Amino acid sequence: MPRFDDMTVGDRIPERTETLDQARLIRYAGASGDFNPLHWDPEFAGKVSPTGGVIAHGMLNMGIVSAVVADWAGDPGKVLRLTASFRAACPVGAAVTYGGEVIELDAEARTATLAVWAELDGGGKVVDRRSSRAIVRLD
Amino acid sequence: MREYALATGHTDGRYTAEEGDVLAPPGFAACFTVTRGGAGMWADTELGAHWNLVHGSQEYSYHRPVRVGDLLRCTPHINDIVDRGRMELLTLQVDCVDAATGEPVVTSRGTLIFFHQEP
């Protein structure tokens, strides 16, 4: 479990890369109750999607960011705040890399603020690190 | 909670345990704020919400972890609607409190971007 006294601004948490295939999007739709056809119906998505096809739920990407941060923190109760700014659309089938970097340490509150992200291979910012944050309390 | 943890890759065994102190991953709040909180928005026919939308941003503040057996009272509010020409930005806040004690549990704030042309 990470300790506050061992943290330095610029430290990174373990990255994770996942391929978001259609089955994964359907699984997330079922788990979350978000059945927007943009995430499973190619015909509907063809009419409204910014990519012209099915795209992943923003909240699935935020959910995987939650996993990367909470698994690193070691306890969901240590995650005090999580924000995501959704920028690039995430096409079904994309490989997405999730990560975070410590950008601020508060010695009094013993919290770390992390910039967090979900990025496509080509650099597309699905969850944009410039404005997406996690605040984590550390021992 | 288990299905959510598996769909999003949360590996801590406390999320998927069969018994004991079963916890929700932080992101699980999506299931009772974005989806169910948004249901009120769809039910309000005067509001004119439609499916030609994208999720612009989402914020969660956690006051305590969510556990199996919690009963939460979640109150959605429209904080703001801004017209940006070809799109409108709607900010939906959902305040989730412990139904028994009124103690705050999660505060959610999401911005939805509605494009003017309906699908």
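**The contact between chain A and chain B**

Modeller: In this predicted model, 13 residue pairs, both at pLDDT 80 or more, are in polar contact between chain A and chain B. On the side of chain A that touches chain B, two or more residues are given by each of α1, α2 (42-48), α3 and β2 (79-85) of chain A. The largest share of that side comes from α3(A), with 9 residues. By class, the side of chain A that touches chain B holds 17 nonpolar, 9 polar and 7 charged residues.

There are 3 salt bridges between chain A and chain B. A salt bridge joins the side chains of A:D75 and B:R14, at 3.8 Å from N to O.

In total, 33 residues from chain A and 32 residues from chain B take part in the contact. The area buried between the two chains is about 2,700 Å², and carbon and sulfur atoms give 57% of this area. Within chain A, the residues that lose the most area to chain B are A:R27, A:M59 and A:P76, together 19% of what that side buries.

Helix α1 (residues 22-32) of chain A has as its buried residues A:R24, A:L25, A:Y28, A:A29, A:A31 and A:S32. Seen down the axis of α1(A), these buried residues fall within an arc of 170 degrees, so they line one face of the helix. They pack against β1 (16-19) and α3 (58-73) of chain A, together with α1 (2-8) and α2 (29-43) of chain B. After α1(A) comes A:G33, whose phi is positive, near 80 degrees.

How values were computed:
Residues numbered from 1 in each chain as written. Chains lettered and ligands numbered in written order. Predicted model: local features only at pLDDT ≥ 70, side-chain atom pairs only at ≥ 80, totals over all residues. Heavy atoms only, no water. Buried < 20%, exposed > 50% of the residue type's maximum accessible area, 1.4 Å probe, protein only. Helix = DSSP H or I, 4+ residues; strand = E, 2+ residues; numbered from the N terminus. Arc of directions from axis to C-beta. Contact = heavy atoms within 4.5 Å. Buried area = accessible area lost by both parts, 1.4 Å probe. Salt bridge = Lys/Arg side-chain N within 4 Å of Asp/Glu carboxyl O. Polar contact = N/O pair within 3.5 Å; in protein donor to acceptor, adjacent residues only side chain to side chain. Nonpolar A, V, L, I, M, F, W, Y, C, P; charged D, E, K, R; others polar.
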